[in-house]
Amino acid sequence: MKKNAETLPQKRHMGMSTKGKISNTLIYILLVVIVIIWIIPFVFILLESFRCETQGMAGYVVPKQWGFDNYVRLLTQTDFLKWYGNTLLIAVVTAVLQTIIVLCMSYTLSRLRFKGRRFLMNFMLVLGMFPGFLTLIVLYKVLSGMGLTGPNAVPGLILVYCASSGMGYYVSKGYFDTIPKSLDEAARMDGATRFQVFRKVIMPLAKPIVIYTILSAFMAPWGDFIFARYIAHGSSAGYNVAVGLWSWTTKTSVGTQYTMFCAGGVLVALPITILFMILQRYYVEGVTGGAVKG
Amino acid sequence: MKQLTDLEYLRLSRFGKFLYKLKRFFLHSVPQAVINFFKRLWNVIKKFGLAIKNEAVDIWTTFRDGTWQTKVSYLIMGFGSIARGQILRGILFFLFEVVFIVYMIVAGGHWLSKFGTLGSEGMHMEYDEAKDVFVQVSGDDSFKLLLYGLLTILFIIAFIYTWRLNVKQNKLLDQITRSGKKVKSGKDDLKSLLDDQFHKTMLALPLTGIIVFTVIPIIFMVLVSFTNYDAAHDGYSNLFTWVGLDNFNELLSWNSGSSNLSAAFGEILAWTLMWAFFATFTNYFLGMLVAILINKKGIKLKKIWRGFLVLTIAIPQFVSLLYVSKMFSDNGLVNGFLMDMGWITQPIPFWTDPILARFTVIIVNIWIGIPYLMLIATGILMNIPQDLYESSRIDGANVWQQYTRITLPYMLFVTGPYLLTSFIGNINNFNVIYLLTGGGPNNPKLLTSGGSAGSTDLLITWLFNITTGAESNYKLAAVIGIMIFIVIAVLSVIVYNVMPSTRNEEDFQ
Amino acid sequence: MATVKLTNVKKVYDNNVVAVHDFNLDIADKEFVVFVGPSGCGKSTTLRMIAGLEEISDGTIEIDGEVVNDLQPKDRNIAMVFQNYALYPHLTVFENMAFSLRLKHVPQEEVYERVTKAAEILGITEYLLRKPRALSGGQRQRVAIGRAMVRDSKVFLMDEPLSNLDAKLRNAMRAEIILLRQKLDTTFIYVTHDQTEAMTLGDRIVIMKDGFIQQVGTPTEVFENPKNLFVAEFIGAPKMNIMEAQLLRKGPSDYCVVVNDAVMQIDINHCSRLEANNVQSGKITLGIRPEHVTICKEKAPNNMACRLEVNEMMGSELHLHVTDVNGDKLIVRTPTVDLTPEERAGFRNGAEIYITFHGKAMYFFDPETENSLID
């Protein structure tokens, strides 16, 4: 379907008018400009991460002296590896737990009919209108009572990310909604219990949305700042990469740690970008599907 | 306002139609939506009252008509179930009752009794006779009293609910034995958890998480908004207590002489809404534009263009935001470049001029948001039936007309709900503001006693600042949180009542 | 191998819409019953209640004498074919058909046996290893039927199984269902909105409208003796012509009917039935099937003048769309075999023709209740 929409009109337009050619040329120029604007900060950050002559901000981009100094410093003299490990651990555990929770929630709300289903959905809609950060004030006190804040922020953060993740069921419910109801019914006529319908019929069909959920759950902890900073609360051992690198850009430290921030940014962005590129198809499907279904 | 018939409406001029629709919207749809909302609210209240009454009647009739096992179950939960073979259920009911009673005697009563005052004496000095010195003793902890008091109340509610389930179960058992059918065994009960009660199995984990980590904290914070919990009343050295609606009064009283908190709130709210509006719609239209450009017939390498933009989604936002923030700072790349070129002599105050800072965050947000919107718009654009464009070409439409008459209406219809969620998301868009400007530059108008804020601070970053800052102004944070909720709720109610594509969930199935 | 009995079955949805009112029906063992009616008449809902996919609001459903109201679909031993096939997209045709047997842990040997046997009957053996998406509509339909066949269930339910197929395929599959039925020799309940399917497949037809049963009977019964106007119009294609007319009771068991200026005689059989129902002179609703309208050469007291609007040549017959003096539209069906070239030329659009109705084939309905007066 999508292929047709793209390729067919192209063929039809083999013999293009001059007017069309001019407008297409303009569009190409515009697109090149757009791509440059979007890519350039990332190119800059990469270049600056190799700068050796100064460690603060500089008014130019191309290093005068190239080298891996910043990376070496980053990995040997700072807590960066610790932060990286923290974030990776959080991301992996969150990806697993959150996927399970979101799938349970969205599957149930989409394909099972039970008393209170509508109420539940409305309730969560209303609940979602409170800023998520609000709950953190209480949770921080409770978690710190359990010793899960500061240097031990990792399990605390995992708990915070996963516990309420059921509220983010919308995208995957939208996906489940598109699977015809009659499949469930046919399976139930064939003698399947509802659990068997879930396991043997719908789950095998839900691969794209499972991958989307895993991917987005995995990516979120890398960028979370607000929760991570609050729970870690000034204790470097509990930072994730976002809070850690942010601490190098504050007024007091930016003069000496700016290039290290760039190097750290590259090391964070690289694996995620590669992972994303591999699984891009699923992500795109999820995003476009989710927006249409609300 | 009078509604025109279809034929009358068709006779209006284009401008007349627009005026009519506008008038209809404000004089009819919006009031109607408000009226409907209250009607529904009233209905819900009425239904709730009726339900309570029905419950009471049912509890009474179950008792009156019940067997002796049922009657005993009113006191000893689970007795009826055990007596009639549902051992597992019965034991669970009974255990719950035992735990509840023990808890209430051991701890619950204590928490409840102090819930009304949140404690009488905090940390204080006490005379130790043995050592003949004054020692510091920890007294009540208001935070704990509030939290455990709340939990105890919720436990009581849970107990009442369980007791009611126990009564219902007995009624069912009465009915089954009366009709001479077989009672379901515990094994059947467990089996049904994988079949007709499967939703309970599936929802157990997610809902527990939501209740413990969202519902209870929110109720708690709502309660905090009625107390004076802040740095000066931290709960253990200085107890906090109930203050009624004082916090709301302080934030909302416009004649504030002593504190300019309400003015600050008004200012920040206005900017938050302005920001959400611009952030949402600039992204929306520009993202759509980029998608259309790439999608245009005859443009080659579509995948490559899209790929470049989509790639930027993968890079964690904090990296790009922090970097861009530094790029535009006074001694950053942009100013450095411009000064090297000799185009400016003074750095442009991207982040330090209040107006310019607001402008810059919106521009940078476009940079952040467009790839995402481009993705969404591309998906939808490809779904627009091609024959619509073909037939409009035959009807003589040019490119602009095709856009305004086909593409835009289609997009708006399909993405209506998305626009709302993205608007709400932008109201709470912490990352962009905090990582770009940290809320700054400082705004003298917003320096309040309760917690100061900068020109680009949104409600949510303000909330963050006043809870993490020296003030630790939790009571204000709670009130602001509730205000954000109210703003979003009002917006949603209006939009949901006006928008066509949000009405029916099943339409999409 | 089972009877199905519905007693006072009722379906009320959560929004208080009543989909099925007080449905009573006894289905005999090995009978083929068709539920037919326009969309929203409650036929599918009734079927789904028998299947266990919808809860029964009131009344009881018995299969083989056992009340199944509270049984899950899997415990009712029923097979069902869905309108959109509902094949499992991730399973091969073989696994689709074997799905129910696998759930019951039937030994592999027997699974193979039963699936291949069903595949053979349906002629889909060569597709057993394909996924549903690689099949055509007709093939998918066969797989869906095959999946139901392998189960040896007591009752076979079909919910509009042919409506997703094109016209040609539909006719072919209809014939196959008749053959299938002879081979399976079990109880069938079949839902359709298409009266042709109902007439050709059913031992008995249940005609429904707005949640009420209108009539239950063999195809002949419902065609020849429609109980009310709705059934009369619903069964038969092209549909029955309906018009207002005056009934005159000239004496005991002696009636005639006045349509516009024409006075038409009524068959003696119908007269005695009218008499039995104690029908007096007055306004009635008259029904006449297009094939029972006769074209006359010239104006006579027993015929009426109409203007020919459209002339459809169907090959073996002509369908003439005519309008009478009141503007009522009628369809006249006339075989072409006896027509002379002059007569054919006479049927040009705008021509005036004279028609009369067959006395044995006129139906009379009460204009208020719409019930048949000759029932």
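Into which domains is chain C divided? Chain C is divided into domain 1 (4-233) and domain 2 (238-365), with bounds that come from an automatic or database domain assignment. This is a predicted model, in which local features need pLDDT of at least 70, side-chain atom pairs count only at pLDDT 80 or more, and totals for chains, interfaces and linings use all residues. Residues are numbered from 1 along each chain as its sequence is written, while chains are lettered from A and ligands numbered from 1 in the order in which they are written.

**Domains of chain C**
- The centres of domain 1 and domain 2 of chain C, taken over C-alpha atoms, are separated by 39 Å.
- Five residues from domain 1 of chain C and seven residues from domain 2 of chain C form the contact (two residues are in contact if their C-beta atoms, placed from the backbone, lie within 7 Å).
- The side of domain 1 of chain C that touches domain 2 of chain C has three nonpolar, one polar and one charged residues (Ala, Val, Leu, Ile, Met, Phe, Trp, Tyr, Cys and Pro count as nonpolar, Asp, Glu, Lys and Arg as charged, and the others, Gly among them, as polar).

**Domains of chain A**
- Chain A is divided into domain 1 (17-71) and domain 2 (75-293), and 31 Å separate their centres, taken over C-alpha atoms.
- Ten residues from domain 1 of chain A meet twelve residues from domain 2 of chain A in the contact.
- On the side of domain 1 of chain A that touches domain 2 of chain A, the elements giving two or more residues are α2 (18-49) and α3 (69-77) of chain A; helices (H or I, at least four residues) and strands (E, at least two) are DSSP runs, numbered from the N terminus.
- The largest share of that side, four residues, comes from α2(A).
- By class, that side has four nonpolar, four polar and two charged residues.

**Sheet of chain C**

**Pairing of β9(C)**
- Strands β3 (residues 32-36) and β9 (residues 204-209) of chain C run parallel, joined by four bridges.
- In β9(C), R204(C) is the bridge partner of V33(C), and I205(C) is that of V34(C).
- Five bridges join β9(C) to the antiparallel strand β10 (residues 212-217) of chain C, where F212(C) stands opposite K209(C).
- The hairpin of β9(C) and β10(C) has two residues between the strands, and D210(C) takes a positive phi near 50 degrees there.

Technical notes: Two strands pair if DSSP finds at least two bridges between them.
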